[in-house]
Amino acid sequence: MPTFLHTADWQMGRAFTRFDTEDGAALVEARFEAIEKLAELASEHQCDAVLVAGDVFDAQTVSDRTIRRVFNATKGFAGPWVMLPGNHDAALAESVWTRAQRLGAVPENVHLSLQPGVINLDPQRLSILCAPLTQRHTYGDLTEPFTGYESPEGFLRIGLAHGSVQGLLPDEIDSTNPIAPNRAEASRLDYLALGDWHGTKQIDERTWYSGTPEPERFRNNEAGNALIVEVPEAGATPTVTRIPTGRYQWHQWRETLAVQSDLDQLLERLNALPEFAVVDLRLEGSITLAGEETLLKALSVAEARFRSLRCERSGLQLAPTDEDIAALKADGYVGEVVESLRERQQEGAQDDAARDALAILAGLLREREQEASQ
């Protein structure tokens with residue numbers, strides 16, 4: 001049974017500058033490990049080929065070292081790889097692909113689809129109908145010529161393209177590089193392997209986006225997979241199996257705290273995340289001083305456990321209870337200052353200065369109390 005692996009959107013060379021240096025470097029390295037994982041999967045499942053549906057590279061200007069490392073990472077699968085240029089690495093007259101060829105970095109078993117047409121893999125009996133992007137954006141359907149492409153008798157007709165299936169993806173990306181929603185049927189394709197949408201998504205029984213094999217953004221779109229596709233014979237319905245490949249899980253949470261149970265539930269969710277988590281957390285609402293202390297301790301533990309944790313708390317108002325104030329033992333003028341800061345936060349307008357001052361003062365009073373008890 002003909003079997004192949006469908007992947008896309010590797011975005012090699014992407015820099016994660018918003019993260020700390022150590023975390024950014026780890027996220028970059030995970031993308032190279034993902035290619036090695038894909039090669040292992042292709043060998044394990046005895047695939048006839050690996051199809052990469054665009055955006056192998058994040059930009060035309062990636063380093064020579066990155067180019068060499070990408071192709072080195074494919075060595076675990078000796079069968080044919082077919083790589084298609086996408087919008088990030090379009091097949092310009094001078095491109096990352098022509099540079100890779102000049103470097104001698106492209107292995108013999110890697111086929112680069114730099115021009116529209118058909119790549120016939122004779123031993124595997126696969127005809128790969130390719131629609132590479134030769135510029136970053138197009139406004140016509142580059143897969144339309146598939147209908148006129150011929151393939152040898154008995155070969156599977158596999159489309160390989162990078163773009164947006166019209167009317168079936170979010171409106172903001174249904175603009176450039178359009179693809180007709182009925183392309184597989186109209187062009188008699190056994191399967192249409194797509195890239196550009198970074199999550200795994202089925203369009204119809206013969207058309208899929210594989211998504212990126214390693215998540216790289218905070219979007220809940222089923223990223224971090226590869227697809228193993230089996231087609232018994234020409235014209236048969238393909239069997240598509242989703243295989244997890246991602247190392248890191250990306251989570252973006254927007255939480256509003258109002259009562260103690262909200263905080264308890266948040267910390268329970270954090271504790272349930274695996275070590276390979278990249279977390280972006282934004283908190284709003286209000287929290288007591290005792291709750292703030294609990295939260296800060298939990299965040300400190302999580303920062304050391306996760307790959308990355310960022311927490312934005314500027315929208316989280318400190319709301320000391322009478323018990324909080326009593327526990328601080330803030331008498332006299334200091335007590336008046338604490339009360340004044342609490343009132344400034346309750347006046348309606350968000351007062352970051354008052355919040356920060358109250359947090360610092362509460363921390364100092366706790367330290368003083370701890371020193372006195374020693």
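Let's start with the largest nonpolar core. This core has 33 residues. By a nonpolar core I mean a set of buried Ala, Val, Leu, Ile, Met, Phe, Trp, Tyr and Cys residues joined through side-chain atoms within 4.5 Å. Buried means under 20% relative accessible area, exposed means over 50%, and partly exposed is in between, with a 1.4 Å probe and protein chains only. The members that touch the most other members are L5, W10, F57, F71, W81, M83 and W97.

Where do the core residues come from? At least two each are supplied by α1, β2 (49-52), α2 (64-72), β3 (81-83), α3 (96-103), β4 (110-112) and β13. Helix α1 gives the largest share, six residues. The helices (H or I, at least four residues) and strands (E, at least two) are DSSP runs, numbered from the N terminus.

A word on the source. This is a predicted model: local features need pLDDT of at least 70, side-chain atom pairs count only at pLDDT 80 or more, and totals for chains, interfaces and linings use all residues. Residues are numbered from 1 along each chain as its sequence is written, and side-chain values use heavy atoms, with hydrogens and water left out.

Back to W10. Setting aside residues up to four places away in sequence, W10 touches R31, I35, L38, V52, D55, V56, V70, W81, M83 and P213. Contact here means heavy atoms within 4.5 Å. Another core lies apart from the largest one. That other core has 22 residues, among them F4, C130, A193 and V231.

Now helix α1. It has 24 residues. From first C-alpha to last, α1 reaches 35 Å, close to the 34 Å expected at 1.5 Å a residue. The expected span is 1.5 Å times one less than the number of residues.

Most residues other than glycine have a negative phi. Q46, which follows α1, has a positive phi near 50 degrees. Q46 sits in the loop between α1 and β2. Its relative accessible area is 68%, so Q46 is exposed. D9 also has a positive phi, near 55 degrees, and is not a glycine. D9 is in the loop between β1 and α1. Here the relative accessible area is 0%, so D9 is buried.

On to charges. How many salt bridges does a search of the whole structure find? The search finds 15. A salt bridge is a side-chain nitrogen of Lys or Arg within 4 Å of a carboxyl oxygen of Asp or Glu.

Take R14 and E216. Their closest N and O atoms are 3.0 Å apart, in a salt bridge. R14 is in the loop between β1 (3-7) and α1 (21-44), and E216 is in the loop between β12 (207-209) and β13 (225-230), so the pair ties together parts 202 residues apart in sequence. Both R14 and E216 are buried. E216 also meets R217 in a salt bridge, at 3.1 Å, N to O. R217 is at 29% relative accessibility, so it counts as partly exposed. E216 is at 6%. R14, D58, E216 and R217 are linked in a network of salt bridges.

A second pair is E33 and R247. Their closest N and O atoms are 4.0 Å apart, again a salt bridge. E33 is in helix α1, while R247 is in the loop between β14 (239-244) and β15 (249-257), 214 residues apart. E33 is partly exposed at 34%. R247 is partly exposed at 38%.

Now R157, in strand β7 (residues 156-162). R157 is buried, yet it has no salt bridge. Which side chain of opposite charge is nearest to R157? It is E150, 5.6 Å away. For charge, Lys and Arg count as positive and Asp and Glu as negative; His and the chain ends are not counted. What does R157 meet instead? Its side chain has a polar contact of 3.2 Å with the side chain of S151. The R157 side chain also reaches the backbone oxygen of S187 at 3.0 Å. A polar contact is a pair of N or O atoms within 3.5 Å; within protein, one must be able to donate a hydrogen and the other to accept it, and residues adjacent in sequence count only if both atoms are side-chain atoms.

Last stop, A223. A223 is in the loop between β12 and β13. A223 is partly exposed, at 26%. Beyond its neighbours within four places in sequence, A223 contacts H198, G199, T212 and P215.
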